[in-house]
Every structure is written in C-alpha cells, then in structure tokens.
Amino acid sequence: MESGLPTVDDTVAGIPLRRLFQPTIWREEPLAAFRAYRVIVSEWRRKRPNRAHLALARAEVPIITQNIDGLHRAAGSTSVIELHGNLRELRCDACGGIFQSDLVWKEPIPTCPTCGEFLRPGFVLEGEEVRHIARAVDWVAEARGLLIVGTELHMTPVRELYELARGRNVPIAWVGDHAEDWVPYLLGEEGRSHSLFCPGEV
C-alpha cells in the first residue's frame, strides 16, 4: 500500500536504497548510511496513512506487514506484527536497547544512551531473521480469511504464511494494485453488508 515513501529501487542521498538493507554499509560507511537514513525518516514523518490503512484499522483487522513505515500503527491498528522492523526505532546490538529514531539527529552516528555503542536502524537487514514469525504463523493458523495486499510473497518465510492459509482452504483475497479502492470494498465499506474479513479473523 504505497503512501509516497521511497521504494527499494530508489536512490536516497546518493545511496541506492537496497544498500541500506545490507549490513556492510552500516559497518563500513555509517556516516553515509545515516545521512540517507535521516532523509528517509524526514520524509516518513510527513506521510499519512491512506484509505486502505484506515479501513483496516476501522475493521480492527490484525496486520502482518513487511513494510517498515509504521503507517498501520499511525492509522490506529493495534494488532500489528512488523516482520521487518520499523523506521521509528533505533537498536543497540551490544546491550539490546531500543530507542526512538529522534536520536539520529543528536550525533552524526548515534550512540546508545545506555552503553555508548553505535546504534543501528530498527529495520531488519539482509541476512537477519524476520521478527515475530512464530506469532504470525499462529495468527494465520487461526484465521478464517486472509487478505494479501501489495506483495507477491516471493521470499520465505513470508511465503509460508500464504501456503499455510492455502493448505487450510481459507478464503484468500489478493490485492496487487489500487489497494486504496479494493481494501475498503473487501472490508465491507463500499456498499457490501458484510465481509469474510471481519475483526479478529485475519
């Protein structure tokens, strides 16, 4: 569900965005990496949820997302699994601390307020495990419908969530484009009296 944020094919502050998801740049070029990160965070703070985010929040549908923009939480969704982390946090690998991304403006390379080590972005880097996948599996295992939006699910382990739902023969709706129109419709906001995708079911 696009809301105008950069995509992995874009370049930010002279750095291909794909490189920001590789751990080497944070070790070898942290100044350049954080320069690009600040641009992304600045843009992200100006973005607002779109109609699809808001419809999902109103329906109280639990969300499993690969996006790091936090727009589902901004829309009011309270049951959200962010498999790839998010932009609103910085993390310390040394002590495990988690801090707000505001710290990125205090120093060229932000350091941990607890132990003094360098911080890193709160999103998952290439080669790292996605987060909370076991809980995501539990949610899908109990679902009576699955709504897939804006992803082709090529990669594991996320692809396995779809395979799990398919193996259970639950209804699956797959929205590739025009999510702002389709999602409210599928959730019953555009003239339908009910939907398979009811609160707590996805």
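Mentor: What follows concerns cavities and the residues that line them. The model is predicted, so local features need pLDDT of at least 70 and side-chain atom pairs count only at pLDDT 80 or more, while totals for chains, interfaces and linings use all residues. Residues are numbered from 1 along each chain as its sequence is written, and side-chain values use heavy atoms, leaving out hydrogens and water.

The structure holds one cavity of 30 Å³ or more (points on a 1 Å grid over the protein atoms alone, where a 1.4 Å probe fits but cannot get out). The volume of the largest cavity is about 30 Å³, taken as the space filled by probe spheres set on points joined across faces, edges and corners.

Its lining, meaning residues with an atom within 4 Å of a point, includes Thr-65, Asn-67, Asp-69 and Gly-70, and Leu-71, His-72, Arg-73, Val-80 and Glu-82 belong to the lining as well. Helix H4, which spans 71-75, and strand E4, which spans 80-82, each supply at least two of the lining residues (DSSP runs numbered from the N terminus, at least four residues of H or I for a helix and at least two of E for a strand).

By residue class, the lining divides into two nonpolar, four polar and three charged residues.

Key: On a 1 Å grid over the protein atoms alone, a cavity is a set of points where a 1.4 Å probe fits but cannot get out, and a pocket is an open set with protein on both sides within 12 Å along at least five of seven lines; lining residues have an atom within 4 Å of a point. Ala, Val, Leu, Ile, Met, Phe, Trp, Tyr, Cys and Pro count as nonpolar, Asp, Glu, Lys and Arg as charged, and the others, Gly among them, as polar.
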